Amino acid sequence: EAFRAGLDDVFPFECLTSFSSAELREMFCGEDRIEWDEQALLGHLHPVGGLTDRSPTYKFLVTVLTEMNQADRSRFLDFVSSCPRLPPGGLAKFHIDVFPDSSAAKQGFPRSRACANQLYLPPYTSKDELHEKLHEAIHCSVGHHEQRLREQ
């Protein structure tokens with residue numbers, strides 16, 4: 001009732017009856033299906049901070065993301081943006097800045113700043129290593145995207 005009343009403050013709630021439930025869910029929650037391919041990712045993953053589109057770690061990331069299933073794509077999006085869905089309009093309305101994390105150990109895990117859609121990657125030496133560490137990070141983070149140890 002409160003949601004309906006809030007919408008009524010902006011426009012008549014009856015205006016929404018012309019939309020199907022699937023259309024409303026997509027407008028409010030984003031797209032159900034996460035579609036991307038290599039070309040789309042290259043256009044919306046922005047290597048910054050010394051990474052380039054020729055950097056091995058960046059290339060590994062694009063390959064790993066392309067190979068992910070829907071569930072892992074959703075977990076990845078949640079890890080980097082705190083939202084498991086793409087916004088309405090899909091990947092075309094979304095971007096991620098990818099930074100090198102030179103302070104991390106080579107065996108370290110990726111980290112993210114979900115409030116800014118930023119991903120930080122240690123200097124991995126293979127696609128398999130990036131896959132393993134990213135997979136563990138997205139499956140174990142459970143909403144803890146920006147953890148840093150405090151100096152004591």
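1. Before anything else, a word on touching: two residues are in contact when heavy atoms of theirs lie within 4.5 Å. With that in hand, take Thr-57, which touches Leu-121, Pro-122, Pro-123, Tyr-124 and Leu-130, leaving aside residues up to four places away in sequence. Thr-57 sits in helix 4 (residues 56-67); helices here are DSSP runs of H or I with at least four residues, strands are runs of E with at least two, and both are numbered from the N terminus. At 9% relative accessibility, Thr-57 counts as buried. The cut-offs, with a 1.4 Å probe and protein chains only, are under 20% relative accessible area for buried, over 50% for exposed, and partly exposed in between.

2. Some ground rules. This is a predicted model, in which local features need pLDDT of at least 70 and side-chain atom pairs count only at pLDDT 80 or more, while totals for chains, interfaces and linings use all residues. Residues are numbered from 1 along each chain as its sequence is written, and side-chain values use heavy atoms, with hydrogens and water left out.

3. Now the overall layout. The chain has six helices and four strands, and from the N terminus on they run α-α-α-β-α-α-β-β-β-α. Of the 152 residues in the chain, 36% are buried. If you take the contacts between residues at least 6 apart in sequence, 60% of them join residues at least 24 apart.

4. Phe-76 belongs to helix 5 and is buried, with a relative accessible area of 0%. Which residues does Phe-76 touch, not counting those up to four places away in sequence? They are Trp-36, Leu-65, Met-68, Ile-96, Leu-119, Leu-134 and Ile-138.

5. Rings of Phe, Tyr and Trp (its six-membered ring) pair if their centres lie within 6.5 Å; planes under 30 degrees apart are stacked, over 60 edge-to-face, and the rest tilted. One of the pairs is Trp-36 with Phe-76, edge-to-face at 6.4 Å centre to centre and 90 degrees between the planes. Trp-36 is in the loop between helix 2 (21-29) and helix 3 (38-44) and Phe-76 is in helix 5 (residues 70-81), so this pair ties together parts 40 residues apart in sequence. Both Trp-36 and Phe-76 are buried.

6. Phe-99 and Tyr-120 also pair up: their ring centres are 4.9 Å apart and their planes are at 15 degrees, so this pair is stacked. Because Phe-99 lies in strand 2 (residues 96-100) and Tyr-120 in strand 4 (residues 118-121), the pair ties together parts that are 21 residues apart in sequence. Phe-99 counts as buried at 19% relative accessibility, and Tyr-120 is buried with a relative accessible area of 11%.

7. Tyr-120 has a charge over it too: the charged end of Arg-111 sits over its ring, 4.2 Å from the centre. Elsewhere, Lys-133 lies over the face of Phe-109, at 4.7 Å from the ring centre. The test for this is NZ of Lys or CZ of Arg within 6 Å of the ring centre and within 35 degrees of the ring normal.

8. How do helix 5 and helix 6 (residues 127-140) cross? Their axes come within 9 Å and cross at roughly 75 degrees, which makes helix 5 roughly perpendicular to helix 6. From helix 5 the contact uses Asp-72, Arg-75, Phe-76 and Phe-79; from helix 6 it uses Leu-134, His-135, Ala-137, Ile-138 and His-139. Axes are lines fitted to C-alpha atoms, for helices over the stretch in contact, and angles run from 0 to 180 degrees between N-to-C directions. Under 35 degrees is roughly parallel, over 145 roughly antiparallel, 65 to 115 roughly perpendicular, and the rest oblique.

9. Most residues other than glycine have a negative phi. Ser-82, though not a glycine, has a positive phi of about 65 degrees; Ser-82 lies in the loop between helix 5 and strand 2 and is partly exposed, with a relative accessible area of 44%. Asn-117 has a positive phi near 55 degrees. Asn-117 is in the loop between strand 3 (111-113) and strand 4 and counts as buried at 15% relative accessibility.
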